[in-house]
There are 2 protein chains.
Amino acid sequence: MQARAFAPAHITGFFEVFLTDDALTSGSRGAGVTLSEGVFTEVEATPARDGEICVEVNGMPCECEVSKYVAEALLADRKERYEVYIKHKITVPQKQGFGTSAAGALSTVIALNQALNLGMSETALAQVAHRAEVECRTGLGDVIAQVTGGLVVRTRAGAPGIGMVEKFYSCAKVVVFLVGSGIETRKVLSSPEIIDRINHYGKECVAELLRNPGVERFVSLSKKFAFATGLAKGKIAKAIIELEEYGYEASMAMLGEAVFVISEKPEEVVNLLDYPCITASIENCGARLL
Amino acid sequence: MQARAFAPAHITGFFEVFLTDDALTSGSRGAGVTLSEGVFTEVEATPARDGEICVEVNGMPCECEVSKYVAEALLADRKERYEVYIKHKITVPQKQGFGTSAAGALSTVIALNQALNLGMSETALAQVAHRAEVECRTGLGDVIAQVTGGLVVRTRAGAPGIGMVEKFYSCAKVVVFLVGSGIETRKVLSSPEIIDRINHYGKECVAELLRNPGVERFVSLSKKFAFATGLAKGKIAKAIIELEEYGYEASMAMLGEAVFVISEKPEEVVNLLDYPCITASIENCGARLL
């Protein structure tokens, strides 16, 4: 019983945090783009009395708390017990604001639903992934964006089926420069002062983007948010300003030490800064079974 | 100003009609699968004082009422005037229950939004296509299914943003036999007696599928619906029964003279009947910009 699924990476440009007593109504408003790169997951489930869940990332064993969490959640109601192997192939860096934990969780539930023939809907599966993200404090809005695809404006916080989004298509490319080694999302989200600033500017940016949507506007509002909140500093701020001097609007992938540009001509951008760099298309499809 | 988009074909298995005074709240409940085949649309818009809209299907000029309707709707609010060429490549037969008019309309609005940089959301675009379908009486539930992708259960009637769906992923293949030359949707939907029967059994089938979802169940409920409503008759009924004798559940694509089987092994099915036959994957992605 084997199956494969893909969930796109998701770069958040700005956001506003909503935490409630319930993981499904918790989440974020905000906006981001999903990428043609992300997490490809293969699951294999075999009946076994002492069902263990093993996770691998790019060939190496991994703790991957969120992926284990969702697999346990899907297995919890089953009478049968299974040994489950989850193999992630992650084609973007981790801890750099690409939403890889959410993409890993989402592709795991989609593949496992198929492998075990659970008959769960996309919304029900995505809710399991969203709950895992919120409870593990690894993300708040990636799952609903990754299920949707495109430029996704999250207009109401919460899991798929509760939160609401507006989707915009785009055939632009995204260039991401990795200017540092990464940030732990849960560390940033544990400071009340920073969350106050995030919520103030996040709300403003969502309203402004909805008044006049589009990827260019998304990038310029993301930049405004990154500086106004103080999240863009040091090497990140320097890279954004340098790109601006070359004539390109850029901002920071929330929450990573990564700076992105959206352009129809990525080849003109990739060599502008001396940092490792990833290029991908905006993915207009959401997560899916392969 | 050129752009391309794709919308998947959609085979409806069963449905229930909802007509109100407003096209956006009109529609259908029901269930169907979207296919990897469908309508590829290229649009080209050039500023011109006497803006004409020309539509081509597979290289031939075409009246294509629904595609013209949506192009006019998108252009209506613009100050500038444009000449618009819409070129559809349709990879499934028309008038055979594949939802080609909806797929044509949907791919047109997605491409034209990009070509003219209108900044409209997926939901806003799909509402234009849904309205065109309802007002031209060419379909009621295809647009919302084609925007979603997969096995789509329409649980509340209406346009995207108003109607509601449950999406199920599947990697099965669909084999469709063309047993006749096609049916005009608007003719069937103009008889009150047949609509009464459709609504009675359509409602039952939606409830049953949601109790126990999956593609096999979708096909068996579709068969029940096709016979109970009397829509499956003559060559269509004969083909369904013949496939059943070979051990395959089959039903009728609503509304066409077409019979479909969903199978992991389509090669075992394609030669069972002596009719032209189309094989496609279930498409788990919705309509999209290319």
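User: What makes you say that helix α8 of chain A lies across strands, and which strands are they?

Analyst: Happy to start there. This is a predicted model, where local features need pLDDT of at least 70, side-chain atom pairs count only at pLDDT 80 or more, and totals for chains, interfaces and linings use all residues. Residues are numbered from 1 along each chain as its sequence is written, with chains lettered from A and ligands numbered from 1 in the order in which they are written. Helices (H or I, at least four residues) and strands (E, at least two) are DSSP runs, numbered from the N terminus. Contact means C-beta atoms, placed from the backbone, within 7 Å. Helix α8 (234-245) lies across β8, β9 and β10 of chain A, at about 25° to β10(A); axes are lines fitted to C-alpha atoms, for helices over the stretch in contact, and angles run from 0 to 180 degrees between N-to-C directions.

User: Why is the sheet with the order β9-β10-β8-β11 in chain A called open?

Analyst: Strands pair if DSSP finds at least two bridges between them. The four strands pair antiparallel in that order. β9(A) and β11(A) each have a single partner strand, so one side of each is left without a neighbour in the sheet.

User: How do you know that β8 and β11 of chain A pair?

Analyst: Five bridges join β8(A) to β11(A), against the required at least two. Val175(A) stands opposite Thr279(A) in β11(A).

Notes. Contact = placed C-beta atoms within 7 Å.
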